[in-house]
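Here is a walk through one protein model, from its overall form down to a few side chains. Please keep the sequence and the structure in view while reading.

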Amino acid sequence: MPERREPYRVLVVSSSTKFAKMLGECLPGAQYHPIDCIATAGETKRRLINTHYSIVLINAPLEDDFGVQLALDITAQYSCGILLLVKAEQFDQTAYKVEDYGVVTLPKPTSRQMVYSAVKMLTAVQSKIRAMERETVNLKSRMEEIRLVNRAKWILIDRLKMTEPEAHRYIEKQAMDRCVRKSQVAQSILRTYE
């Protein structure tokens, strides 16, 4: 059975309500939910402070910004995928400016299929980013546990005159005997001797 996926939150930034409606129709609701629509760059920046989005679609130009600076500002602060749609005559220049920052650009006019394909590409990248973020959290947790255990070992070596292998074995045995993580045993040792 396939694993249940968390839906991707989508933010559509467009002064055209027609474009926002078209996007809502071409993105499947089960995978992309909710799809929020905003008309200005200023409102987008305020919304992003409080709400995490996986994908941001910017239909340039906006009422208060062309859209390029907004895309660059978002990539500097957030880890969401960004699709920037610009007029065909501005496509090459705009794509050149933003591609090194990870912004995907499409020329307008475009088809629903092209927009959908670009969003699917962003979805694949966001999926990979989510996995990497989870792995980073796990690695940070593991590193913190190693630091704690090492500090506790040095206290045992210093205060109880154990050797390094004896201190290591002591912490491991205590963790197994008490059915707790080594980090909990280390914290207990630190509280006792520090």
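**Overall form and an aromatic pair**

In this predicted model, 63% of the contacts between residues at least 6 apart in sequence join residues at least 24 apart. The protein has 7 helices and 5 strands, which follow one another along the sequence as β-α-β-α-β-α-β-α-β-α-α-α.

The radius of gyration is 25 Å, whereas a compact globule of 194 residues would have one near 16 Å. Along the principal axes, the C-alpha atoms fill a box of roughly 75 × 40 × 25 Å. Of the 194 residues, 37% are buried. The accessible surface is about 12000 Å², and carbon and sulfur atoms account for 53% of that area.

Searching the whole structure for aromatic pairs gives 1. Its members are Y8 and Y32, with ring centres 6.2 Å apart and planes at 35°, a tilted arrangement. Y8 belongs to strand β1 (residues 8-14) and Y32 to strand β2 (residues 32-38), so the pair links parts of the chain 24 residues apart. Both Y8 and Y32 are buried.

Charged side chains also meet tyrosine rings. R130 lies over the face of Y8, 4.1 Å from the ring centre. The charged end of R9 sits over the ring of Y53, at 5.3 Å from the centre of that ring.

A last stop is S127, in helix α5 (residues 112-160). S127 and S15 are 112 residues apart along the chain, and their C-alpha atoms are separated by 29 Å.

Definitions and conventions
Residues numbered from 1 in each chain as written. Predicted model: local features only at pLDDT ≥ 70, side-chain atom pairs only at ≥ 80, totals over all residues. Heavy atoms only, no water. Phe/Tyr/Trp six-rings, centres within 6.5 Å; stacked < 30°, edge-to-face > 60°. Helix = DSSP H or I, 4+ residues; strand = E, 2+ residues; numbered from the N terminus. Buried < 20%, exposed > 50% of the residue type's maximum accessible area, 1.4 Å probe, protein only. Lys NZ or Arg CZ within 6 Å of the ring centre and 35° of its normal. Rg over C-alpha atoms; globule rule 2.2 N^0.38 Å. Contact = heavy atoms within 4.5 Å. Areas by Shrake-Rupley, 256 points an atom, 1.4 Å probe, with all protein chains shown as cover.
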